[in-house]
Amino acid sequence: MAQRPPIAPLSLFTETRANVDSPKGSIIQIQVSPSGPFSVRQRSSRTIIQSHPPSDSQDTFNAHYLASNASIHHSKSSHYPRSFSWRVIDDHKTLEIRSVDPSKSDGTQRDAIYTLHLCFGGQLKQGGVAVADTDDPQTLNLFALTRASELYTILVHKSFLCHAAASEEDPWKWCKIARPSTFSASSPHRLQAVSSSDLLVSLSDGTVVHLARGKAADGSKWIETRYGGHGMVESLRGFVRWQGSNTVRYDGITLEQNAPLNVAMAPNGDHMFAVCMDHTLKAWSPKRSAAVFSQDLLWQDHDPHDMPKVMINPAQAIILEFFTASAFSTGDLYYIVTFSPHDLGQFKFWGVRDPDSGDLGIRDLFSDTVLIPPDPDLSPDSKAIWRVVDLKVRQKHEDGKLEFWLLMSSNRQCRLFKLQTELEDLPSSWNKSWVATAMQSSEEQQPRPPLLAAGEEAEGEAINAQWLRYLFAPGRYNELILESGLSIYCVDRGIILPSPKMSLARRLIAAIILRIAKDASETGHEAQPFQIQQQWTILWQQINDLNRSRCSAPSLALDKQTGMPWIAFADGCSSIRSCTRLEIMAFNAHDVLSASPEYLELPSIETESGNDPKLPDELALVISTAARFRQSFSESLRRNFDAALAEELWSKSPLSMPKRVERFSASCDFENEIEDGLLDELVHDMLAPIEGLKNLASDAFFSILETFKHFLPEKSENLFYTKFGHRLVINGARDIIYQRETILLDLLALVVNVDDIDPEEYPMPFFDGPQVFEDLVSFLRKIKVMSWLVDNVRSKVGEDTSSTNSKAGTEDQLDWRPTILETAFAVDLKPQSDEQQSSCEALTNDIQDLLQWVDGGNATVPWDEVLVHIQCNLLVHRELELAKDFEQFLPGTPWAIYVRGRLAVLLGEIEEAAVNFQKAASRLARPSRFEYVQASSNLISPTEALALGSGLPNYYSHIIGLFDSGHPNTPTSPTASAQVARFAQLALNQLPADEGDSQTRTDLLQSLFSASIITRDFLTAFHAMTDHPSPHALASDLVTAILETPRAAPQLLDFEWPTQLLAQVDALLAKRASSPHTLAAWRLHFNDFRGAAKALMPALDQMQARVKRGVAGANEAVLDKQYLTIINLLSCAGPENAWVLSGGEDEGGKMGDAEGKNDGGHQRRRIVTVQDLREGYQQELDRRSVVASGDYAFGGLEDDGMDLI
């Protein structure tokens, strides 16, 4: 038996998982009705899928939502979209297709944001889907073969994926159904598209059918040509099966032993080749209409009785790949690579010169070499069984070398390998030149769930909050996974599914509560926090199992134009990119890097210290040692470490760096938490390759940090990200951010512990712990911010389409829920071109470009300004909750303090805002060239920017505008107005003397006046009014405000009113005063006795009339006081002025209520002297005397005697 070659599993590539979750309103489902001999044409239905119903079992979820067959097609045309992911889902009844293009060349072209679900009447066959380009770059052909032997030809317009309305066209115009007659005689097995007009179908009886159509044909009819192995005898086997023949039942049909499992057309189109179930490679000549070649896949002879042992399982991947090698001049037209699963699996390379010559025209290129696939798991204890899934070959345009991409899988794990070589060097390079792909987007790359340590206690609400944050973290679990996990959890545990009217988060909590309540009712014990944690863990395991199942059924796709490999999964896909320098050291062991061949040698890493550069293998050793060290932490030590880190990162400390390291170590309690043998293991085992701690150098840590650096390209390409491309880059950034954070934490734990070691016992001449500690903490602060950006999403972007809406949402309406990293940074970048680099390298550089852009670009923007820019972006989009959470990262610079004030204003925390604005005043008022508009993400308008950096008065005026903006959260409340008045006063105090009559001063006085009115600070308002150039314009507001207070008159009389305002105030009081005494007091204050009397006359007339009529509430004592007051006032006015004009409208414009009305109903105007008032008062007294004595007058009296009553 052949042995697997010992290879160096050097990982130079990694995967980036693409997020293919469709937002609500983006799935267009088109029902395609089945066709039969007597069927009536029906118009297919078209609906918009808003959401998928959750599954109540793992099997149901797998059947409906996981693909039984999936791949990615890359069009040869460069017209967008050109890359399409297709999946067969819904129990083999639905074909899903979507665009997976990361970029496009036209920024004005709409994104292909829609997903098509083509629903068939019957189930599709396994291997019954093929995709082909058409002559029209705007269209694509899909071919689907059902188990009912129906062949669908679907012409998909690319606009279907870009415009929802484009797919409203009658599907029968672009979807045709045919049933070739050959399928009636023998069942079709596998479909292969040679082109849009040529199809190859392998049949169960061992024959192949070539289906052809003209360019104008629509696919409803095909020209059939059948190719068998031995003429008519072969074709009859479909009708009469020979006794004792070896057959296999697969996918609902019976396959003969010579049935083609994979069939393809040669590159020159002269011959057809097939790998058959009987372990042979066969070739047919269309010209001769017969088989011309048949050979065992391993060029071995087999006894017919051993055929059952040799036959290939049709469920396995069948490799049949063609390629050319122009640099390998041997007379071969082209080459074929096949794979045999026998004897650990072997590849064969076939050189094809003339297939018509049989064995003489096709040869085994490397007959002396056993080409066995590499072993993905070299551990001797591993029991995993790996199988070859697929192999893709591409000849590079640059140097003509061949690239082989090999995909292998074991259960839900997969590994991808690459081999780059010349064809003639393949035997020598096969065993030593494979490089691996680190599949690091699996669950081990994700943060751990929030598990409680043994003996730890926590409140139920805190446990719920931690789990919800974990489950709903962006990029972790989609809504369908959470919904289905919840449904399965409830069904399995016999509890009622919570009402769908509740939010998903509340339903998760409700399910946990219901389950615990059920247990409590059965046991009679009260619920404990550990039970809450236990049930959350069970629910998470169910959710995680569903999520892991999405990674099953991998298939390999290679973009021959760009060289980018893709892996399609049951639900999703991954792009393969090159590793960063840090990833190479993190994914590869020290011994692997040190033993890497010369052509894989990695450059050494230099630091700014000028010391000798460090080799990657030494840095990999430090990284792996630090990882092993922190992985040994107990749960309590982990929590102590996290608490100490939080204090170090976000609190200011006056301690020196060595003291801070000591404090950190003491907080972690390393002395008691670290096991005794761990130090010896660290010195004698982990760091043995560098002879222990004595050669552990600070430069090793600095070199690792040096790999974080990246430089943005000087010139951006004429390319644009698609929404899919943005999500792909964001996912890649998330992977790198998490990896960097993990490495930094590992290194920090190692540094703190090593720094605490006695240097006399273990000398470390090249290690400076505090210096390394300071740099690590600085990098961790940045990484924590980046992690926050990628872990938080916008609260609402676009409109959430209603579930009852039958129309697809527009691009702006779809609920994308992008991360802050995408909307604040990724949208500003363009993808790099693959013209000067491979597509794998371009994607990695795109991700690093994004992270570098967050870090301030090519060191052009200080980190503190980046943090403020992020906060401003959140404020612009009114993401107040996120902004409040992000506030922890803001620095203590004046610019940041000002932005803190802006947040406080929007939150209604006015006093806090005022404190911050005052702190930032001196610096932001100072002249500078700072670009406030750009730096604030347009939070500050160009007009507002003019007020900053131009002196304190203008700065304070700007602050006044913020408080007085009238935002819903900050209405003109007394608190806000008090701050407006305060800053207006500060601005006036700072205003130069030569600007005494400026517009700025006028505006400030206006603001001070208005704010003082609201706060009822009338004294300040009065002084602001009198200092104002137009006091007449403000007097009305001041008087009106004073009149609204209980003690209006005393407050009015406390001010020294300018002479020019007296008449205006008098008129205002006459019109607006609710009591005549206020106007009378005002006039009396200025010795206007007759005016005061006039102000009181209407009240006297009204009270006189009420008393005479006996109206309830009429008070004679009040009437007496009114008479006496007016009489005294007129007496003081002097003989010449002892009169008033009474009647008609009063001074406020209102009608009086006294007697003496004329025929028109209006009160007669009359002059009333002081003598008239005395007489009137005497008459009132006489009237009362008559009433009191009962001496009434009767009869037809015509004079005023009747009025006495």
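Start with the largest cavity, which holds about 160 Å³ of space. Here a cavity is a set of points, on a 1 Å grid over the protein atoms alone, where a 1.4 Å probe fits but cannot get out; points are joined across faces, edges and corners, and the volume is the space filled by probe spheres set on them. You are looking at a predicted model, in which local features need pLDDT of at least 70 and side-chain atom pairs count only at pLDDT 80 or more, while totals for chains, interfaces and linings use all residues. Residues are numbered from 1 along each chain as its sequence is written, and side-chain values use heavy atoms, with hydrogens and water left out.

Now select S99, A112, I113, F724 and R727: of the 20 lining residues (those with an atom within 4 Å of a point), these are the closest to the centre of the largest cavity.

Next, colour β6 (94-99) and α18 (723-755), each of which supplies at least two residues of this lining. Helices (H or I, at least four residues) and strands (E, at least two) are DSSP runs, numbered from the N terminus. Which element gives the most to the lining of the largest cavity? That is α18, with three residues. By class, this lining has eight nonpolar, six polar and six charged residues.

Then move to the second largest cavity, with a volume of about 40 Å³. Select V20, S85, R87, E96, R98, D571, G572 and C573 to show its lining.

Note on methods:
1 Å grid on protein atoms, 1.4 Å probe; cavity = no way out; pocket = protein on both sides within 12 Å on 5 of 7 lines; lining within 4 Å. Nonpolar A, V, L, I, M, F, W, Y, C, P; charged D, E, K, R; others polar.
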